[in-house]
Amino acid sequence: MRTLRERILMEKKTKLYLIGYAIVVFITPVFLGNNYHLMVLNVAAVNIIVVLGLNLLMGYAGQISLGHAAFFGLGAYLSGILTTTCGFPPWPTILLSLLVTGGVAYAIGIPTLKLEGHYLVMATLGFNVIVYIVMIQFDRVTGGPSGFPGIPHLRIGGFVFNSDRRMYYLLWSISMGVLLLSLNLIRSRVGRAMAALSHNEVAAMCSGIDTEKYKIGIFVMSAMLASLAGSFYAHYITFISPGTFSIFFSLQLVTMVLVGGMGSLWGSVFGALLLTVLPEWLHGVKEYNVLIYGLVLMIVLVFFPRGLFPGILQILDKRKVVRLTESARLGKEAP
């Protein structure tokens, strides 16, 4: 158990991290003259929203999902179809998409989350496959393999988010809001219950924690965050197709969690940003980009099993301890 002083210091450190993070985010476009770079960072912000929710599910509630691309796709297609085909206004449609996706997640979460281990993985994988097939087969509604075009941009009054720069500030503001919400959640009573659940479900039940309620609740919340990201993605790109929401994207999301660090929300930001930008950096090596990408992932998972971000922090802490020890030793040896 941390002392009150340690908790206060941690909260101050978190506030400093958030302030520094916000400053970096909002000054970055000043140094980027290329809209393509802004587009990549916008996609990274969308991925951060999904990965934060998935890390809450995997790292804090101890549940593994390979179906989050499906929830991401549900948010995108619901927002796209309702605004384009039915003429609904975008912002209320995003909220409606959240509620519908949350309802779907609750309906499948009740039976699915009774499973454990690889059975749970296969169940969520099956859900992803079903949603993917529906996106392709219901071509009269979804556009099928050809995709669904013409999705309107978001707007507030007369201000339209129709450029990469405008969407950059919107998407990164939303991602920082989700990060702040997640940080507050894990420090709350709910977060402590989730931590107990991830360590030992039986012990958590014996402590009086309603594990089923918390498992379903965090699963629904995680799915709704994926839906939120999907809605913003649809209104940003203005075109969606089933290939974006396949099982391969679910695997990529899980990889982002593992590389960043399970149970580390800052690691989620780091992992999503790294694995979104890394393929763009590797375009210069052409046919070797897949090989280098796989090599980087292998090195990270072998040498940083807890995740790259926690691993870097651990190295920095060790160096700090070494410096303090060396300073103390030199101080004793001085006359």
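**Figure 1. Helices α11 and α12 cross in this predicted model.** Axes here are lines fitted to C-alpha atoms over the stretch in contact, and angles run from 0 to 180 degrees between N-to-C directions. Helix α11 covers residues 247–260, and helix α12 covers residues 265–281. Their axes come within 7 Å. They cross at roughly 125 degrees. The crossing is right-handed.

**Figure 2. Residues meet where α11 contacts α12.** From α11 come Gln-252, Thr-255, Met-256, Val-259 and Gly-260. From α12 come Gly-267, Gly-271, Ala-272, Leu-274, Leu-275 and Thr-276. What is the make-up of this contact, by nonpolar, polar and charged residues? It has 5 nonpolar residues and 6 polar ones. No charged residue takes part.

**Figure 3. Asp-164 and its contacts.** Asp-164 lies in helix α7, which spans residues 164–186. Which residues does Asp-164 touch, leaving aside those up to four places away in sequence? They are Asn-35, Leu-38, Met-39, Asn-42 and Tyr-236. Asn-128 is 36 residues from Asp-164 in sequence. In space, the two are 30 Å apart, C-alpha to C-alpha.

**Figure 4. Confidence along the protein chain.** The chain averages a pLDDT of 85. Of its residues, 91% score at least 70. Where is confidence highest, and where is it lowest? The highest mean, 95, belongs to helix α3, residues 68–84. The lowest, a mean of 69, belongs to helix α14, residues 308–333.

Notes. Residues numbered from 1 in each chain as written. Predicted model: local features only at pLDDT ≥ 70, side-chain atom pairs only at ≥ 80, totals over all residues. Heavy atoms only, no water. Helix = DSSP H or I, 4+ residues; strand = E, 2+ residues; numbered from the N terminus. Contact = heavy atoms within 4.5 Å. pLDDT = per-residue confidence, 0-100. Left-handed = near helix turned anticlockwise from the far one by under 90°. Nonpolar A, V, L, I, M, F, W, Y, C, P; charged D, E, K, R; others polar.
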